[in-house]
Amino acid sequence: MQRKAVVLYSSGLDSTTCLAMAQAEGFTPYAISFSYGQRHSHELEVAKANAVRLGAAEHLVVDFDLRLMGGSALTADIAVPKAGVGDEIPVTYVPARNTIFLSFALGWAEVLGAFDIYIGVNALDYSGYPDCRPAYIEAYETMANLATKAGVEGTGHFRIHTPLIDLTKAQIIKKGMELGVDYGLTHSCYDPTPEGLSCGECDSCRLRLKGFAEAGLKDPLGYVNR
């Protein structure tokens with residue numbers, strides 16, 4: 001019987017590639033997305049439209065509101081930076097977001113009888129978020145096996161898979177293309193137009209466009225003024 005894996009899926013380039021990689025590695029993927037009060041709903045609309053189409057056995061959308069806390073340009077009335085990727089942790093960092101996301105994924109994994117969780121974090125071509133680093137993932141995996149009934153009873157060992165963590169954006173895109181990923185079914189922009197066009201200037205757009213350029217490929221998405 002094929003093993004199950006929970007895949008954190010935002011409809012972004014990285015998480016979509018991660019979903020394809022989980023399938024290629026022999027898992028049946030169960031996609032989990034989050035409606036957390038992010039400043040735009042387009043990424044969630046793309047996720048809902050394409051999760052099963054991209055191979056997920058099920059797609060769970062968890063609804064909660066991080067706007068209650070604010071503290072990020074993605075959840076509060078703070079402008080999304082458009083000046084380029086800098087050296088400091090940007091204001092688009094959402095406090096503890098991956099910890100919160102992984103906790104929901106861990107709970108669903110335990111219910112499903114799945115012991116594998118895929119997350120598309122990257123520590124090379126990224127915005128410098130602290131919850132995308134290998135040390136964080138290792139610590140979370142240790143905690144997952146201490147804090148669950150399955151871990152304590154020894155019925156399984158939870159593993160957090162990060163297949164993109166040491167890849168450049170160009171390498172991620174090339175890997176996805178090898179696996180047949182349709183990047184036209186993804187969305188990365190932090191500040192899209194109401195019609196869903198990407199701004200082309202936020203950190204996420206810049207990193208995405210850089211990746212496609214370095215891979216020698218054309219990004220299939222539409223951009224403002226492009």
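**Exercise 1. Which right-handed unit do β1, helix α1 and β2 make?**

Solution. The model is a predicted one.

Step 1. Locate the three elements. Strand β1 covers residues 3–8 and strand β2 covers residues 27–35, while helix α1 covers residues 13–24.

Step 2. Look at the pairing of the two strands. β1 and β2 are parallel and are joined over 6 bridges. In this pairing, Val-7 faces Ala-31 of β2.

Step 3. Name the unit. Together, β1, α1 and β2 form a β-α-β unit, and its hand is right.

Step 4. Place the helix against the strands. Helix α1 lies across β1, β2 and β4, and its direction is at about 175° to that of β1.

**Exercise 2. Find the order of the strands in the open sheet, and explain what is particular about β3 and β5.**

Solution. 

Step 1. Start from β1 and look for a partner besides β2. Strand β4, residues 116–118, runs parallel to β1 and is joined to it by 2 bridges. Val-7 has Tyr-118 as its bridge partner in β4.

Step 2. Write down the order. The sheet has 5 strands, arranged β3-β2-β1-β4-β5, and the pairing is parallel.

Step 3. Examine the ends. β3 (58–63) and β5 (159–161) are at the edges; each has a single partner strand, so one side of each has no neighbour in the sheet.

**Exercise 3. Which cysteines does UniProt list under "binding site", and how are they placed in space?**

Solution. 

Step 1. Read the record. The unreviewed UniProt entry lists Cys-189, Cys-199, Cys-202 and Cys-205 as "binding site".

Step 2. Compare sequence and space. These residues are spread over 17 residues of sequence, yet they cluster in space, with a largest C-alpha distance of 7.1 Å. From this set, Cys-189 belongs to the lining of the largest cavity.

Step 3. Take Cys-202. This residue is in the loop between α6 (169–178) and α7 (203–215). Its relative accessible area is 0%, so Cys-202 is buried, the cut-off being under 20%. Leaving out residues up to four places away in sequence, Cys-202 touches Val-80, Pro-81, Lys-82, Cys-189 and Tyr-190.

Step 4. Take Cys-205. This residue is in helix α7. Cys-205 has a relative accessible area of 1% and is buried. With residues up to four places away in sequence left out, its contacts include Cys-189, Cys-199 and Tyr-223.

Key. Residues numbered from 1 in each chain as written. Predicted model: local features only at pLDDT ≥ 70, side-chain atom pairs only at ≥ 80, totals over all residues. Heavy atoms only, no water. Pairing = 2+ DSSP bridges. Helix = DSSP H or I, 4+ residues; strand = E, 2+ residues; numbered from the N terminus. Right-handed = clockwise from strand over helix to strand, strands pointing away. Contact = heavy atoms within 4.5 Å. Axes fitted to C-alpha atoms, helices over the stretch in contact; angles between N-to-C directions. UniProt positions renumbered as here; feature names shortened; annotations may be inferred. 1 Å grid on protein atoms, 1.4 Å probe; cavity = no way out; pocket = protein on both sides within 12 Å on 5 of 7 lines; lining within 4 Å. Buried < 20%, exposed > 50% of the residue type's maximum accessible area, 1.4 Å probe, protein only.
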